[in-house]
Amino acid sequence: MANREDRFQGVDYYNIDDLLTEEHKLIRDTARAWVKKEVTPIIEEAYEKAEFPRHLIKGLAEIGAFGPYIPEEYGGAGLDQISYGLIMQELERGDSGLRSTASVQSSLVMYPIYAYGSEEQRKKYLPKLAAGDMIGCFGLTEPDHGSNPGGMVTNFKDAGDHVILNGAKMWISNAPFADIAVVWAKNEEGRIHGLIVERGMEGFSTPTMHGKWSLRASDTGELVFSNVKVPKANILPGKSGLGAPLGCLDSARYGISWGAIGAAMDCYDSALRYAKERQQFGKPIAAFQLQQKKLAEMVTEITKAQLLVFRLGQLKNQGKATSAQISMAKRNSVEIAIEIARESRQIFGGMGITNEYPIMRHMMNLESVITYEGTHDIHLLITGLDITGESAFS
Amino acid sequence: MNILVCISKAPDTTSKITFKDGDTKFNEDGVQFIVNPYDEWYALVRALELKEANGGKVTIISVGTADYEPIMRKALAIGADEAFRVDSEASDAYQVAAEIANYISSNSFDLVLTGKETINYNGSQVGGMIAAIIDSPYASHATKLEVNGSTAMVERDKQGGVEVLELTLPAVISAAKGMAEQRIPNMRGIMAARSKPLTVVPASVTETLTETIKFSLPPAKGDVKLVDPENMTELINLLHNEAKAI
Ligand SMILES: Cc1cc2nc3c(=O)[nH]c(=O)nc-3n(C[C@H](O)[C@H](O)[C@H](O)COP(=O)(O)OP(=O)(O)OC[C@H]3O[C@@H](n4cnc5c(N)ncnc54)[C@H](O)[C@@H]3O)c2cc1C
């Protein structure tokens, strides 16, 4: 595997650092240093072997990647949304799979337990999840219900002090090794509720999905429920209906809108350095107009995206960010990242297709990121609905 | 065990270096500062290891203006217990050493650690000067440090070997690569650093012993000359007459 030195430097063309607090910068630089030390040396091999590097879970917890905005009394770090975004940016600069694990744990497992859970549920799960002693996954998507999760068929029936859960979820990040799953299922009236399903409950299995060309350093699996007895105490009491899982997605999508910029920065930073060092026709390829066009457009798009997510972070801190605003940022960040990965791959010529450089890995990862948490199309339709008042979904 | 670690700031290694005030001052505009790596990776981390093994307290001190505080917070996040900033622009090694020595004389420490040098000024002077002013033993460029009761065992790299020294505490030691391994702060540390005390102490020393006349950058690297591998005479000619290397 590539034993390259990680010379990544952040991209800050518009002095956005001046908008950050000293603590923001310390948190970001800590995550960056951790990625350089722990992730860069092993990620290409993990990707090739299609293995999630589980030994990094403790380290992820230590840098605050699990529930950074969850209050300290539940084991979180009580940080603001910009800190959360910066951590996601740095993790995805390392690898989207790693960031996915942190997103799922923070926004799709800890957030619903914190926002919709009972005090007992919060106390039972959150500190362990924050410390990385417990890993969670989030089951919304089903084989026949992806973009349209409201059509889900997974369901539960009342059976006294517990419910009986049946159905299957697909494409679930972290499923193969998760200790708990936050599962969305319909009750007998067809209303969606969140249930905490624990590994070991009878009738619950998590087969691994194989053959992914994208997000290979993240484990993806199914959740299969066959007459699983789930105690009623495991049902999230605070919120029901499709809005409940969508609230989690808002938080995760917000993190992705920062994260994808991290992948874009890594591609741009690598390509810029390579273009200055690689000589052809007697000069660095960075001296050719065609390469400059690519690099100049990349830094422009990164800068625009950074300003967008920074403002979104401020709105989120004030509790004012709308789902539609988050959709716009997620869609934009992933789009520019995938474009930058493709353009920077060309700057590397043949070297760009190898694992000597992170480009192809980011490019392939971003194909998942552009699809999960709402596809590229769906986010466009959300913006469309928001500005026209007309739903074009169905 | 009471340990004082001297912490300086240094420009990030990717910074563009320029000067101002007639080339007598480093131009800090747009420069990102980090904790001087020798102070952070070796002196501070070794101090924390000694505290973890023997109990006690790790205090950090910096001589500098308010813009030092972010790097001091980082040192607190890594694990130092308390910080003091002597509110004065660092002008030369003597002034910095005298300020720190003043602070030491009104407090008591078993061990004072510095980095072997800052990566920007490379003076390697502050530790030795502190030791001289407070009249303590001093070992420089230590690659290993063990403490046993009231003695410190220090190893230093020598040309082709290692020197082992024993010093009676209190002592001043400057830390080189090898003394410890870099620690990345964790979130608990960053959170704890918010409430750790960072006290500003008024300056007491105005005297400096040196004055900078001029800084200059190394000459720009010239183009590479390619010499045909068969043409040894030209290579020798160039090395002798042009590069004056042989
Ligand atoms: C690696 C990976 C990890 C994942 N992790 C999780 C997880 O942890 N938990 C979880 O619940 N899910 C997870 N997902 C699932 C993911 O959220 C879904 O794949 C996604 O929502 C899309 O669903 P689908 O794959 O069924 O595609 P479909 O919904 O079938 O979409 C297929 C295509 O049709 C388009 N389309 C659909 N509806 C419309 C419409 N109304 N108008 C126009 N175009 C439309 C889509 O944009 C897309 O291009 C993961 C997916 C991947 C790839």
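What is the area buried between chain B and chain A, and what percentage of that area do carbon and sulfur atoms give? The points below take up this question, then turn to the ligand.

1. The structure is a predicted model. The comments that follow should be read with that in mind.

2. About 1,400 Å² is buried between chain B and chain A. Carbon and sulfur atoms give 64% of that area. On the side of chain B, the residues that lose the most area to chain A are B:Ile184, B:Met187 and B:Arg194, which together make up 41% of what that side buries. The size of an interface is often given in this way, as the accessible area lost when the parts come together.

3. The interface can also be described by residues. Chain A brings 19 residues into contact with 14 residues of chain B.

4. Two salt bridges are counted between chain B and chain A. One of them can be named: B:Arg194 pairs with A:Glu72, and their closest N and O atoms are 3.7 Å apart.

5. Which elements of chain B give two or more residues to the side that touches chain A? They are helix H2 (69-78) and helix H5 (187-194) of chain B. H5(B) gives the most, with five residues. By type, the residues on this side of chain B are seven nonpolar, three polar and four charged.

6. The ligand is surrounded by 18 residues, and A:Thr141, A:Ser147, A:Trp171, A:Thr375 and A:Asp377 are the closest. Sorted by type, the shell holds nine nonpolar, seven polar and two charged residues.

7. Some distances between the ligand and chain A can be given. The side chain of A:Ser147 has an N or O atom 2.6 Å from an oxygen atom of the ligand. A polar backbone atom of A:Trp171 is 2.7 Å from a nitrogen atom of the ligand, and a backbone N or O atom of A:Phe393 is 2.9 Å from a ligand nitrogen atom.

8. How much of the ligand's accessible area does the protein cover? On its own the ligand has 960 Å² of accessible area, and the protein covers 68% of this. Strand E3 (162-173) and helix H10 (376-388) of chain A are the elements that give two or more residues to the shell around the ligand.

Note on methods. Residues are numbered from 1 along each chain as its sequence is written. Chains are lettered from A and ligands numbered from 1 in the order in which they are written. This is a predicted model: local features need pLDDT of at least 70, side-chain atom pairs count only at pLDDT 80 or more; totals for chains, interfaces and linings use all residues. Side-chain values use heavy atoms; hydrogens and water are left out. A residue is near a molecule or strand if one of its heavy atoms lies within 4 Å of it. A polar contact is a pair of N or O atoms within 3.5 Å; within protein, one must be able to donate a hydrogen and the other to accept it, and residues adjacent in sequence count only if both atoms are side-chain atoms. Accessible areas come from the Shrake-Rupley method with a 1.4 Å probe; for residues, only the protein chains shown count as cover. Helices (H or I, at least four residues) and strands (E, at least two) are DSSP runs, numbered from the N terminus. Ala, Val, Leu, Ile, Met, Phe, Trp, Tyr, Cys and Pro count as nonpolar, Asp, Glu, Lys and Arg as charged, and the others, Gly among them, as polar. Contact means heavy atoms within 4.5 Å. Buried area is the accessible area (1.4 Å probe) that two parts lose on being put together, summed over both. A salt bridge is a side-chain nitrogen of Lys or Arg within 4 Å of a carboxyl oxygen of Asp or Glu.
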